[in-house]
Amino acid sequence: MSTSASVFARLACRWSLALEPATRGPVAAEQLRMVWLHASVGMLIASGFAVLLAFYLHDQVDATLLQGWVALKLAVAVVRVGQGRVFRQTE
């Protein structure tokens with residue numbers, strides 16, 4: 001049993017819910033859909049805060065380090081937003 005499945009099973013037992021094998025797949029699919037639905041907004045907000053933090057720290061941290069960190073953060077954000085778009089297109 002995978003880790004997420006065991007977490008669901010423990011929660012179902014705690015709440016006295018019967019998670020039958022036939023319902024586990026659709027529940028997991030809906031949870032994944034909800035995660036990707038909100039991922040793009042979260043990534044954009046987090047990227048905005050990262051840029052603001054870089055502006056705030058520009059006097060205290062080496063500029064090359066800050067620029068590299070922001071570039072890496074934005075690159076990862078672009079990939080994650082792209083993953084969300086791909087997921088939505090395949091639904």
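This short talk walks through one predicted model, from the whole chain down to single residues.

Side-chain values use heavy atoms, with hydrogens and water left out.

Now to the chain as a whole. Its secondary structure comes to three helices and zero strands, and the elements run α-α-α from the N terminus on; helices (H or I, at least four residues) and strands (E, at least two) are here DSSP runs, numbered from the N terminus. The accessible surface of the chain comes to about 7000 Å², and 69% of that belongs to carbon and sulfur atoms; such areas come from the Shrake-Rupley method with a 1.4 Å probe, and for residues only the protein chains shown count as cover. Of the 91 residues in the chain, 16% are buried, where buried means under 20% relative accessible area, exposed means over 50%, and partly exposed lies in between (1.4 Å probe, protein chains only). If we take the contacts in the chain with a separation of 6 or more, residues 24 or more positions apart account for 58% of them, a contact being heavy atoms within 4.5 Å.

Let us turn to the helix α2, residues 21-57. This helix has 37 residues and reaches 51 Å from its first C-alpha to its last, which is close to the 54 Å expected at 1.5 Å a residue; the expected span is 1.5 Å times one less than the number of residues. Helix α2 also bends by about 35° at Ala 39, the bend being the angle between axes fitted to the seven residues ending there and the seven starting there.

Which residues of α2 are buried? They are Trp 36, Ala 39, Ser 40, Met 43, Ser 47, Ala 50 and Ala 54, and what covers them includes α3, residues 63-90. For its part, α3 has 28 residues and reaches 40 Å from its first C-alpha to its last, close to the 40 Å expected at 1.5 Å a residue. In α3 the residues Leu 66, Val 70, Ala 77, Val 81, Gly 84 and Phe 87 are buried, and the buried residues of α3 pack against α2.

Ser 40 counts as buried because its relative accessible area is 12%, and, leaving aside its neighbours within four places in sequence, Ser 40 is in contact with Val 81 and Arg 88. Ser 47, also found in helix α2, is buried because its relative accessibility is 7%, and it touches Lys 73, Leu 74 and Ala 77 when residues up to four places away in sequence are not counted.

Val 35, which lies in helix α2, is exposed with a relative accessible area of 52%, and Val 35 and Gly 84 are 49 residues apart in sequence and 8.9 Å apart in space. Leu 53 also lies in helix α2 and counts as partly exposed at 38% relative accessibility; the C-alpha atoms of Leu 53 and Val 70, 17 residues apart along the chain, are separated by 9.5 Å.

What, then, lies on the surface? Val 41, Ile 45, Phe 49, Leu 52 and Phe 55 make a nonpolar surface patch of about 560 Å². Patches are made of residues with over 30% relative accessible area and no salt bridge, with like charges joined within 9 Å and nonpolar side chains (Val, Leu, Ile, Met, Phe, Trp, Tyr) within 5 Å. Phe 49, in helix α2, is exposed, with a relative accessible area of 55%.

How many salt bridges does a search of the whole structure find? It finds one, a salt bridge being a side-chain nitrogen of Lys or Arg within 4 Å of a carboxyl oxygen of Asp or Glu. In it the side chains of Arg 33 and Glu 30 meet at 2.7 Å, N to O. Side chains of opposite charge can pair when their charged atoms come close. Arg 33 and Glu 30 are separated by about one helical turn, because they are three residues apart in helix α2. Arg 33 counts as partly exposed at 27% relative accessibility, and Glu 30 is partly exposed with a relative accessible area of 35%.

Methods
Residues numbered from 1 in each chain as written. Predicted model: local features only at pLDDT ≥ 70, side-chain atom pairs only at ≥ 80, totals over all residues.
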